[in-house]
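Subject: Structure for your review

Dear colleague,

Please find below the structure that I am handing over to you. I would be grateful if you could look through it alongside the notes that come after it.

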Amino acid sequence: MIRTVGALVLAAAVAGCVPARAPAEDPPAGPSAVPLVAQGFPPTAAEARTRLAALTVAWGRNWQTYARSAFGDGWSDETDAPGGRNGCDTRDDVLRRDLAEVRLGDRNPCVVLSGVLHDPYSGKRLPYSYRKPSEIQTNHVVALGAAWRAGAWAWTPARRLVFANDLDVLLATDKQTNQEKSSKTPDKWKPPRTAYWCEYGRRWTGIKAKYGLTVSPPEKEAVRELLATCD
């Protein structure tokens with residue numbers, strides 16, 4: 001009888017009545033190998049001084065017409081900016097690039113589960129956990145409102161979407177400091193950590209030059225002062 005039952009089970013398996021074991025799943029694919037920073041960015045201090053001198057000097061325009069929605073609805077991977085089209089959310093790209101001690105998700109390697117930010121603006125050490133409220137925000141170095149006043153008001157929606165998701169424009173920063181910065185230009189706000197002034201000036205100038213944005217007279221002088229700290 002035992003032999004008969006065993007034969008029946010074997011026959012059923014051959015006939016397809018007993019579910020076969022599912023094949024092992026392939027390991028999840030990681031983000032594609034797209035650079036998270038453009039080559040040569042930020043420019044050196046000498047390059048930044050040259051580019052700053054070449055920027056068009058003009059007062060901001062059309063500030064009253066600015067709307068965040070003009071730069072797209074949230075983050076988008078569908079751009080050709082650094083980090084674009086790599087299969088990961090823009091904010092996740094920023095966290096993977098800027099955090100230390102990073103632990104990525106097993107199912108989705110784009111997602112940062114934990115890490116530590118050494119905030120460039122304030123010098124604060126900020127732990128990050130995917131499942132806990134965070135004091136880390138994603139900051140546009142040249143804020144969207146500042147870019148709008150400096151010429152982005154005349155761009156196409158597609159170009160504004162690229163700017164908003166360009167990793168060269170973005171930094172992971174302390175939430176409170178980011179909110180204090182808001183859309184201010186360097187004549188109105190500078191990072192409280194003076195050791196970062198040189199790089200801040202280099203990044204600011206690199207972004208303005210990359211996108212052909214204007215600078216106001218006070219802004220240009222403030223950036224010149226930032227770059228002077230590189231010496």
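The notes below describe what was found in this structure, beginning with the chain as a whole.

Please bear in mind that this is a predicted model.

Overall architecture

The chain has 231 residues, of which 43% are buried. Its secondary structure amounts to 8 helices and 5 strands. Along the sequence, these elements follow the order α-α-α-β-β-β-β-α-α-β-α-α-α. Of the contacts between residues at least 6 apart in sequence, 69% are between residues at least 24 apart.

Aromatic pairs

In total, 12 aromatic pairs are present in the structure. One of them consists of tyrosine 121 and tryptophan 189, arranged edge-to-face with 5.3 Å from centre to centre and 70° between the planes. This pair connects distant parts of the chain, its two members being 68 residues apart. Tyrosine 121 belongs to the loop between strand S2 (112-118) and strand S3 (125-129), whereas tryptophan 189 belongs to the loop between helix H6 (175-181) and helix H7 (197-211). Both tyrosine 121 and tryptophan 189 are buried.

A further pair is formed by tyrosine 200 and tryptophan 204; it is tilted, with a centre-to-centre distance of 5.9 Å and an angle of 45° between the planes. These two residues are separated by about one helical turn, because they lie 4 residues apart in helix H7. Tyrosine 200 has a relative accessibility of 0% and therefore counts as buried. Tryptophan 204 likewise counts as buried, because its relative accessibility is 0%.

Ring pairs also join Tyr66, Phe71, Trp148, Trp155, Phe163 and Tyr211 into a cluster. Over the face of tryptophan 155 lies arginine 159, at 4.9 Å from the ring centre.

Packing of H5 against H7

How do helices H5 and H7 pack? Their axes are 12 Å apart and form an angle of about 160°, with H5 covering residues 157-165. Angles over 145 degrees count as roughly antiparallel, so H5 is roughly antiparallel to H7. The contact involves Arg159, Val162 and Phe163 on the H5 side, and Ile207, Lys210 and Tyr211 on the H7 side. The crossing of H5 and H7 is right-handed.

Yours sincerely,
A colleague

Notes: Residues are numbered from 1 along each chain as its sequence is written. This is a predicted model: local features need pLDDT of at least 70, side-chain atom pairs count only at pLDDT 80 or more; totals for chains, interfaces and linings use all residues. Side-chain values use heavy atoms; hydrogens and water are left out. Rings of Phe, Tyr and Trp (its six-membered ring) pair if their centres lie within 6.5 Å; planes under 30 degrees apart count as stacked, over 60 as edge-to-face and the rest as tilted. Buried means under 20% relative accessible area, exposed over 50%, partly exposed in between (1.4 Å probe, protein chains only). A charge sits over a ring if NZ of Lys or CZ of Arg is within 6 Å of the ring centre and within 35 degrees of the ring normal. Axes are lines fitted to C-alpha atoms, for helices over the stretch in contact, and angles run from 0 to 180 degrees between N-to-C directions. Angles under 35 degrees count as roughly parallel, over 145 as roughly antiparallel, 65 to 115 as roughly perpendicular and the rest as oblique. A crossing is left-handed if the near helix is turned anticlockwise from the far one by less than a right angle, and right-handed if clockwise. Contact means heavy atoms within 4.5 Å.
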